[in-house]
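Biologist: Before we go into details, please take me through this model one question at a time.

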Amino acid sequence: MKFTAIVAASLSLFSRACAVVDVAGSSSSKLVLPSTFKPPQVFKNANLVHIISLEKNFVKESINVVIENLSAKPQDEYFLPFTSEQMEKIGALEVKDRKSSDVVGFAVDAVEFDPLSDVQFYRIKLPSPLPSNGQKTLGISFYYLNSLKPLPASIAQADKQYLAYSFSAYCPSAYPTLKQKTEVKLPSSDVPEYTKIAGNGETKQFPVKQGSKLTYGPFPEVPAGASSPVRVRYEFNKPVTHVSRLERDVEVSHWGGNVAFEERYTLFHHGANLSSQFSRVQWAQSQYFNPQTFALKEMKFVLGAGSKDAYFTDVIGNVSTSRFRVSSREAVLELKPRYPVFGGWKYPFTVGWNADSNNYLKKSSGKFLLNIPLIEGPKQAEGVEYEHVDIRVILPEGAANVKFYTTAPESSITQHSVDIIRTYLDTVGRTVLTIKARNLVDELRDRELVVSYDYSTVAALRKPFVIFTSTMAVFASIWLLSKLDVSFSTK
């Protein structure tokens with residue numbers, strides 16, 4: 001989306017979706033309920049389709065459900081159950097109206113009622129109460145990180161990698177479901193193991209396998225809380241790239257007309273470990289015929305148009321195995337780590353680049369608007385997952401009234417704050433917006449972060465004035481010193 005197309009929408013959203021972040025705080029609130037809480041049985045799922053995508057190195061789940069209000073009164077709270085383990089791994093939970101994209105305002109809150117209970121809930125607040133016997137079609141999507149397990153856990157350097165994922169053939173629900181099915185999408189048709197369960201009607205056994213897709217169901221009426229544990233094991237001969245922490249700094253310079261980006265990665269490969277010592281000779285030989293491998297050997301960063309001065313370093317220093325290409329539409333930074341990253345290995349590194357501020361910074365209604373991607377990171381076919389993301393937007397000295405808005409799911413933002421840092425030639429210090437997010441994936445690369453702030457002419461002239469007066473003071477001091485007579489008298 002072009003920046004100019006979202007300026008007006010962003011300003012209108014600031015009044016209700018943005019907050020002046022003067023102190024740290026949670027952006028996705030928790031709903032505290034009594035320990036005896038159970039979701040009231042005021043809904044039923046008339047029809048439900050549960051889609052589990054295992055095509056990348058994280059799990060993406062989508063639930064398309066037609067809910068119906070059984071109560072005599074309008075209802076606007078729908079509860080979605082998860083286990084305690086899933087609550088730690090879930091990320092980017094979003095809810096949309098499947099019938100109308102114009103319907104917005106679905107609020108998602110984690111429910112806090114009994115920390116010892118294995119079943120936890122998210123509450124979905126509908127934009128408007130659903131009348132008695134009324135129906136609404138919800139599209140619920142979310143991701144699970146750290147949920148795929150290599151099986152076997154250790155393999156040879158040239159072997160294929162297989163991953164396993166456990167789930168329920170019945171979609172977990174706090175309400176009875178009249179009709180449902182679960183579809184599992186896999187990266188290939190090589191699926192040596194999957195749990196088989198009894199079918200119904202003409203289908204004697206589930207799942208039904210069609211190429212790289214498994215289908216459990218359709219099932220007849222299933223009671224609330226029902227579960228049918230199953231597991232699937234499939235080929236995934238690609239890197240399982242996990243970033244435990246991404247530190248992303250964005251520094252804005254009005255005088256320099258520049259936006260500087262720097263990203264520090266702590267990267268792990270969560271795939272199968274090597275069963276024997278790594279062989280550099282075997283690896284070098286295999287590169288002549290370039291076989292598919294589960295090792296991470298290269299990454300590609302797709303940056304915005306006008307990006308320049310890219311660099312790539314690690315804990316040792318500059319890494320020369322990189323290539324930076326610039327075109328009128330985009331810039332591409334291609335990296336090769338110092339060594340191929342196999343399962344269980346770690347590779348921390350840093351990338352950075354500069355960009356013209358005109359591509360990201362505009363002024364509207366007296367405010368400056370900075371529009372940047374929430375995350376950029378490597379664009380890999382197999383995907384990348386981010387456990388912790390720390391974003392710092394370093395604004396010019398004197399920037400005030402800082403607000404932000406993001407198109408990323410609100411449930412992913414865990415904390416935000418505004419602070420002051422001091423660097424060279426600063427007087428009062430620079431304003432820094434810090435945003436902490438959790439459990440993101442690279443499919444959110446296109447989500448925007450819009451930061452608005454006030455920056456007066458007096459604040460803009462502060463640093464040149466300080467530099468000018470400091471320089472003049474030095475010259476004046478030197479001139480005064482030169483007028484002093486420090487020679488010895490001959491008398």
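Modeller: Note that this is a predicted model. Let us begin with the contacts between residues at least 6 apart in sequence: 77% of them join residues at least 24 apart.

Biologist: How many helices and strands does the protein have?

Modeller: The C-alpha atoms fill a box of roughly 120 × 70 × 45 Å along the principal axes. Within the protein, the count is 4 helices and 33 strands.

Biologist: What percentage of the residues count as buried?

Modeller: The accessible surface comes to about 24,000 Å², with 53% of it belonging to carbon and sulfur atoms. Residues count as buried under 20% relative accessible area. Of the 491 residues, the buried share is 48%.

Biologist: How far apart are the mean positions of the positive and negative charges?

Modeller: The protein has 56 positive and 48 negative charges. The distance between their mean positions is 3 Å.

Biologist: How many aromatic pairs does a search of the whole structure find, and which kind is the pair of F58 and Y143?

Modeller: The search finds 29 aromatic pairs. In the pair of F58 and Y143, the ring centres are 5.7 Å apart and the planes stand at 75°. An angle over 60 degrees counts as edge-to-face. The pair of F58 and Y143 is therefore edge-to-face.

Biologist: How many residues apart are F58 and Y143?

Modeller: F58 sits in the loop between strand 2 (43-53) and strand 3 (59-69), whereas Y143 belongs to strand 8 (residues 135-144). The pair thus links distant parts of the chain, and the two are 85 residues apart.

Biologist: Are F58 and Y143 buried or exposed?

Modeller: F58 has a relative accessible area of 2%, and Y143 has one of 8%. The cut-off for buried is under 20%. F58 is therefore buried, and Y143 is also buried.

Biologist: Y339 and Y347 form an aromatic pair as well; which of these residues counts as buried, and which as partly exposed?

Modeller: This pair is edge-to-face, at 5.3 Å centre to centre with 90° between the planes. Y339 has 28% relative accessibility, so this residue counts as partly exposed. At 2% relative accessibility, the buried residue is Y347.

Biologist: Which residues form one aromatic cluster with Y339 and Y347?

Modeller: Both tyrosines belong to one aromatic cluster.

Biologist: Over the face of which residue does R233 lie?

Modeller: R233 is placed at 4.7 Å from the ring centre. The ring in question is that of Y162.

Definitions and conventions
Residues are numbered from 1 along each chain as its sequence is written. This is a predicted model: local features need pLDDT of at least 70, side-chain atom pairs count only at pLDDT 80 or more; totals for chains, interfaces and linings use all residues. Side-chain values use heavy atoms; hydrogens and water are left out. Buried means under 20% relative accessible area, exposed over 50%, partly exposed in between (1.4 Å probe, protein chains only). Contact means heavy atoms within 4.5 Å. Accessible areas come from the Shrake-Rupley method with a 1.4 Å probe; for residues, only the protein chains shown count as cover. Lys and Arg count as positive and Asp and Glu as negative; His and the chain ends are not counted. The place of a charge is taken as NZ of Lys, CZ of Arg, CG of Asp or CD of Glu. Rings of Phe, Tyr and Trp (its six-membered ring) pair if their centres lie within 6.5 Å; planes under 30 degrees apart count as stacked, over 60 as edge-to-face and the rest as tilted. A charge sits over a ring if NZ of Lys or CZ of Arg is within 6 Å of the ring centre and within 35 degrees of the ring normal.
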